[in-house]
Amino acid sequence: MASVQDICTSAAINLLSALAFLMAFAFLRLQPINDRVYFPKWYKKGIRASPKSSGPLMKKFVNLDCRTYLKFWTWMPAALRMPEPELIDHAGLDSAVYVRIYLLGLKIFVPIAMLAFAVLVPVNWTGNTLDNVKDLTFSDIDKLSISNVAPGSTRFVTHIIMAYVVTFWTCYILYKEYQIVTNKRLQFLASENRRPDQFSVLVRNVPPDPDESVSEHVEHFFCVNHPDTYLTHQVVYNANKLASLVENKKSLHNWRTYYQTRYERNPKMRPTTKTGLWGLWGKTVDAIDYYTDEIEKIIQEESVEREKVMSDPKAIVPAAFVSFKSRWGAAVCAQTQQSSNPTIWLTEWAPEPRDVYWDNLAIPYVELAVKRLLMAVAMFFLTFFFMIPIAFVQSLASIDGIVKVFPFLKALIQKEKVKSVVQGFLPGIVLKIFLLLLPSILMTMSKIEGLTSLSSLDRRSAGKYHFFLLVNVFFGSLITGAAFQQLKTFLNQSPSEIPITVGVAIPMKATFFITYIMVDGWAGIAAEILRLVPLIMFHLKNTFLVKTEQDREQAMDAGCINFPSSEPRIQLYFLLGLVYSVVTPLILPFIIVFFAFSYVVFRHQIINVYDQKYESGAAFWPAVHRRVIIGLVISQFLLLGLLSTKRIAKATPFLIALPVLTIWFHRFCKGRFESAFVKFPLQDTMVKDTLERATEPNLNLKAYLQDSYLHPVFKSFDIERLGVAVDEEENNPLVSTKRSSRRSSSKTASGGITPQIVLE
């Protein structure tokens with residue numbers, strides 16, 4: 001168990017690590033050669049250009065102005081200076097609201113910490129109970145926790161009152177924040193510029209028709225059922241294989257550019273490579289000629305595959321992007337049931353074009369239910385069986401565990417300084433390393449489920465990761481820590497005393513979570529701003545692949561907020577703060593430092609670095625609210641279980657009321673605010689449509705939407721041919737069909753509007 005000295009050692013290591021990262025960042029960001037690494041967002045916006053300087057050549061790479069180094073800290077106030085409305089215009093609502101999650105943590109825990117240290121800490125410290133318990137492992141930190149209060153003591157009234165204060169304050173802040181974010185979302189949607197997704201709906205599970213193609217069937221259905229608002233549609237093609245070929249061609253181009261650059265720098269020697277996997281084995285050949293031939297081969301394959309997709313009716317997916325003449329028409333279609341059979345003609349708001357996850361549009365709808373069931377089962381086994389290796393690794397990250405596996409290290413580990421590092425630093429860093437690959441696994445599982453947008457993939461993966469952290473990191477560490485740490489005591493006492501020992505032992509796990517917060521929340525966030533991997537990759541690309549200014553733009557890796565892993569990690573800190581605010585308040589300052597530091601760092605990154613892949617209008621906020629509520633309810637039940645071991649059964653009814661009130665509050669907020677995040681009010685759509693018709697009466701909406709949902713692999717190919725096809729169809733507004741009964745209605749309703757195609 002970590003002592004005060006161990007915690008201080010861990011704090012010193014992590015503070016020094018964070019300070020080293022920040023100093024390195026402050027130095028590297030000032031160098032002209034790194035400007036595109038630390039300010040890529042401004043380059044992408046066209047506001048910033050590569051630094052130009054006259055004089056010595058060195059000035060193009062190194063900042064020789066000593067005065068700028070004296071102001072290395074100015075990035076912090078600069079990150080806080082931009083007002084939130086300007087931040088929303090600059091980075092989008094998703095980014096601005098994401099930063100508010102850290103602000104939410106500060107609003108909740110700063111007042112709670114002040115009250116806890118003023119009231120609870122003195123009550124716990126003066127309890128003097130642990131000193132009188134024999135055969136129990138504890139440290140001075142545990143004397144500040146609820147474990148130091150004697151069973152049956154009237155002091156627990158203070159903890160019960162504090163639990164009510166924490167609950168009501170948290171709910172109040174959550175309500176106000178939900179209200180603020182909802183208003184910001186509605187204002188953002190009302191003031192947002194025209195976008196294709198405002199007029200478009202994604203239609204899935206189009207039923208097969210023996211007489212009509214998917215395109216004809218879609219047009220006839222919407223001409224009949226939405227005759228006044230239907231504009232056009234784009235059928236979806238399965239172009240996943242073609243997209244793979246395009247990616248392979250891009251990779252081959254990069255390798256050829258690399259070897260050409262090497263040859264230009266040393267013309268006396270032609271570069272060579274091996275034809276085997278990764279160029280590690282196989283026949284040795286001329287690298288430039290080899291990759292040139294490979295590119296020619298893949299171009300031919302790409303051409304064949306493209307023609308196959310264009311001409312093969314089986315490549316058509318039973319889905320389409322349907323566009324309407326107004327936002328009102330799209331809202332009516334997206335938010336209503338289209339058929340008496342609820343499993344066909346399924347409509348939902350189309351993601352914005354850059355948010356579409358094209359790979360999953362080709363999945364038949366029937367397969368989705370099966371895949372989601374399989375992924376639910378896989379998630380269950382992954383979550384609960386992952387606890388075994390975590391418990392094993394955690395056992396090794398202790399003095400006894402290391403000595404048992406590596407007995408020859410016993411003499412070294414018993415040294416006081418080494419012992420402090422092992423107990424105060426090693427458990428947190430081991431758990432952090434063990435969880436590195438998990439987000440990628442969960443994202444793959446979410447993709448298999450068939451979600452059609454990047455934003456929904458991120459939200460689904462975040463939900464999985466939150467559940468995993470809840471079960472394995474929190475409950476796993478808590479239960480294994482409490483059970484195994486006190487195993488000797490369990491075996492040597494009467495069964496009636498075991499619940500008391502467990503109740504006393506659970507708060508003692510706070511020391512482990514303190515070390516984890518410092519490793520992950522202090523040093524980890526400081527490493528985020530350094531951007532060491534993007535820095536190295538940019539200079540490697542700039543050295544070997546960049547030949548033009550366009551190449552240099554592509555070499556920049558602005559990155560984005562990694563929502564699937566970062567948001568659940570924030571929720572873990574909310575959970576720890578809510579659970580231990582009444583049990584061990586000492587953890588709160590460490591959590592507050594995390595929220596404050598993260599708020600500054602991510603605000604800086606959003607302003608200067610990150611370039612978001614999509615804009616969902618803060619659609620993730622209901623999930624953020626729900627997970628904080630889950631953490632609050634868990635904290636209430638854990639406190640109820642803990643106090644049940646303290647011989648104050650009369651207090652149980654008072655604590656049972658807390659989760660009931662909290663769940664009622666969540667349902668109230670869900671009914672009050674959540675609809676704004678899943679539906680678009682018809683009143684607002686009509687207002688926007690009316691204003692647009694008044695300000696732009698000659699807008700050609702069809703031309704605006706024409707290529708909006710064209711697959712990226714086709715946007716650079718055969719656009720002229722597709723355009724000719726559309727023009728020819730415009731001269732013949734009738735869609736070829738064997739259904740004579742529908743011809744007249746189609747002719748009247750379509751008004752010459754013809755479908756376009758999007759290739760998937």
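Guide: What follows is a set of questions about labels and the values behind them.

Visitor: What kind of model is this, and what does the protein hold?

Guide: The model is predicted. The protein has 34 helices and seven strands. Buried residues make up 51% of its 760 residues. The accessible surface comes to about 35900 Å², and 63% of that belongs to carbon and sulfur atoms.

Visitor: Which share of the contacts with a separation of 6 or more comes from residues 24 or more positions apart?

Guide: That share is 82%.

Visitor: Why is Thr 515 called buried?

Guide: Buried means under 20% relative accessible area. Thr 515 has 1%, so it is buried. The residue is found in helix α23.

Visitor: What makes the phi of Arg 531 worth a remark?

Guide: Most residues other than glycine have a negative phi. Phi of Arg 531 is near 55 degrees, a positive value. Arg 531 lies in the loop between α23 (510-530) and α24 (532-544). At 7% relative accessible area, Arg 531 falls under the 20% limit and so is buried.

Visitor: Where does Ala 618 lie, and what is its phi?

Guide: Ala 618 lies in the loop between α27 (588-608) and α28 (621-643). Its phi is near 60 degrees, again positive in a residue other than glycine. The relative accessible area of Ala 618 is 0%, so Ala 618 is buried.

Visitor: Why are Trp 255 and Tyr 291 called stacked?

Guide: A pair of aromatic rings is described by the distance of the centres and the angle of the planes. The count comes to 37 aromatic pairs. For Trp 255 and Tyr 291 the values are 6.3 Å centre to centre and 10 degrees between the planes. The limits are 6.5 Å for a pair and under 30 degrees for stacked, so the label holds. Trp 255 lies in helix α10 (residues 240-265) and Tyr 291 in helix α11 (residues 287-311), so the pair ties together parts 36 residues apart in sequence.

Visitor: Which residues form one aromatic cluster?

Guide: Tyr 98, Tyr 102, Phe 109, Tyr 573, Phe 574, Phe 594, Phe 595 and Phe 602 form it.

Visitor: How do you know that the charged end of Arg 270 sits over the ring of Tyr 263?

Guide: CZ of Arg must be within 6 Å of the ring centre and within 35 degrees of the ring normal. The charged end of Arg 270 is 4.9 Å from the centre of the Tyr 263 ring and sits over it. Arg 194 sits over the ring of Tyr 704 in this way, 5.3 Å from its centre.

Visitor: Why is the pair Glu 302 and Arg 306 called a salt bridge?

Guide: Side chains of opposite charge can pair when their charged atoms come close. The limit is 4 Å, and the N to O distance here is 2.2 Å, so the pair qualifies. Being four residues apart in helix α11, Glu 302 and Arg 306 are separated by about one helical turn. Glu 302 is buried at 6%, and Arg 306 is buried at 4%.

Visitor: What makes Lys 371 and Glu 367 a salt bridge?

Guide: Their closest N and O atoms are 3.9 Å apart, within the 4 Å limit, so the label applies. Both lie in helix α13 (residues 365-385), four residues apart. Lys 371 is partly exposed at 24%, and so is Glu 367 at 35%.

Visitor: Which residues do salt bridges with shared partners join into one network?

Guide: Glu 84, Arg 100, Lys 107, Glu 177 and Lys 184. Within it, Glu 84 and Arg 100 have their closest N and O atoms 3.1 Å apart. Both Glu 84 and Arg 100 are buried. The structure holds 23 salt bridges.

How values were computed:
Residues numbered from 1 in each chain as written. Predicted model: local features only at pLDDT ≥ 70, side-chain atom pairs only at ≥ 80, totals over all residues. Heavy atoms only, no water. Helix = DSSP H or I, 4+ residues; strand = E, 2+ residues; numbered from the N terminus. Buried < 20%, exposed > 50% of the residue type's maximum accessible area, 1.4 Å probe, protein only. Contact = heavy atoms within 4.5 Å. Areas by Shrake-Rupley, 256 points an atom, 1.4 Å probe, with all protein chains shown as cover. Phe/Tyr/Trp six-rings, centres within 6.5 Å; stacked < 30°, edge-to-face > 60°. Salt bridge = Lys/Arg side-chain N within 4 Å of Asp/Glu carboxyl O.
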